[in-house]
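Here is a quick tour for anyone meeting this protein for the first time. Have a look at the sequence and the fold, then read on.

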Amino acid sequence: MNAVVGRDDLLLVTLDTLRYDVAVELAQAGRLPNLARHLPGGGWEKRHAPGSFTYASHQAMFAGFLPTPATPGPHPRLFAARFAGSETTERRTYVYDTPDLVSGLARDGYRTVCVGGVGFFNKQGALGDVLPGMFQESHWEPGFGVASPSSFEAQVACAERVVAGLPPERRLFLFLNVSALHQPNWFHLPGATRAAGDSRRTHAAALEYVDRHIGRLFTAMSSRRRCFAIVCSDHGTAYGDDGFTGHRLGHDVVWTVPYAHFFLDPTEAAS
């Protein structure tokens, strides 16, 4: 990452609440064409989330603790605060001397921008301002939130405006929290009803909705230079699994998440 930071733009997309099993099933079935073409080997990496709900997981990720590979470690990290005795910091790790990755990148010349999604990014109260408050610039409006059937399209349009308004020489770190997977998501499945509620099937339909529009985000983020992208879930969610519903609990479907990182080349992203 020391060869990437300072040269490339950076993109972190959290597919809030996305389950690993659903992400894998859709990729293998060819139902995620826009994402799959960028996933290494065409598939997701299995990882463990650093938290069981949005606030905890993002606090950890912004401190450099991305989801951990689901195999015995230690696993060197891409980003890390300078910390004596860290066993996951190596010579290729981008090390910063600030409390979090966002301020570390800002200190090194990046414009840091947050496009919020779920309630922890809505800036409507003190708690909802903590995570977006880490960034130099943050955006949220009701159309980005969980109740909007067109939330991701609105978020991508916001990201496109951010990119278009930035001086060409200024490096960008853009974070986008995708709210579409989070409940309620029943409206993404044709024929589903509010009364029937959310399910694994509506969760999958929400991911297909995101896939239909994510190419625009990738194109925008690679329009100025090469972009290093991280796309992952912050945690999963249960739909009746072993009697559990929701997240902020210790079930495997909550702790196991899909992850990928890759480069977006300008010519490849636009093709």
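What follows goes from the overall build to the cores, and then to a few individual spots.

## Before you start

This is a predicted model: local features need pLDDT of at least 70, side-chain atom pairs count only at pLDDT 80 or more, and totals for chains, interfaces and linings use all residues. Residues are numbered from 1 along each chain as its sequence is written, and side-chain values use heavy atoms, with hydrogens and water left out.

## The overall build

The protein chain has eight helices and 12 strands. Helices (H or I, at least four residues) and strands (E, at least two) are DSSP runs, numbered from the N terminus. With a radius of gyration of 18 Å, close to the 18 Å that the globule rule gives for 271 residues, the chain is as compact as a globular protein of that length. That radius is taken over C-alpha atoms, and the rule is 2.2 Å times the number of residues to the power 0.38. Along the principal axes, the C-alpha atoms fill a box of roughly 50 × 40 × 40 Å.

Of the 271 residues, 52% count as buried. Buried means under 20% relative accessible area, exposed over 50%, and partly exposed in between (1.4 Å probe, protein chains only). Among contacts with a separation of 6 or more, 71% link residues 24 or more positions apart; contact means heavy atoms within 4.5 Å.

## Two nonpolar cores

A nonpolar core is a set of buried Ala, Val, Leu, Ile, Met, Phe, Trp, Tyr and Cys residues joined through side-chain atoms within 4.5 Å. The largest one has 46 residues, and those with the most contacts inside it include Leu 11, Trp 44 and Leu 217. Elements that each supply at least two residues of this core include strand E1 (9–15), helix H5 (151–164) and helix H6 (200–221). The largest share, 10 residues, comes from H6.

What does Leu 217 touch, leaving aside its neighbours within four places in sequence? Its contacts are Leu 11, Val 13, Val 156, Ala 159, Leu 174 and Leu 176. A second, separate core of 27 residues includes Met 1, Phe 79, Phe 173 and Phe 228.

Leu 105 is found in helix H4 (residues 101–107) and is buried, at 0% relative accessibility. Not counting residues up to four places away in sequence, Leu 105 touches Val 5, Leu 10, Tyr 94, Tyr 110, Thr 112 and Phe 173. Helix H3 (residues 54–62) has buried residues too, among them His 58 and Phe 62, and their cover includes E1 and H4.

Val 95, in strand E5, is partly exposed at 22% relative accessibility.

Most residues other than glycine have a negative phi, and most peptide bonds are trans. Against that background, the bond from Gly 73 to Pro 74 is cis, with omega near 10°, and another cis bond joins Gln 183 and Pro 184, with omega about 0°. Pro 74 is found in the loop between strand E3 (68–69) and strand E4 (79–81), while Pro 184 lies in the loop between E8 and H6.

Lys 123 has a positive phi near 60° and is partly exposed, at 34% relative accessibility. Asp 242 also has a positive phi, near 50°, and counts as exposed at 67%.
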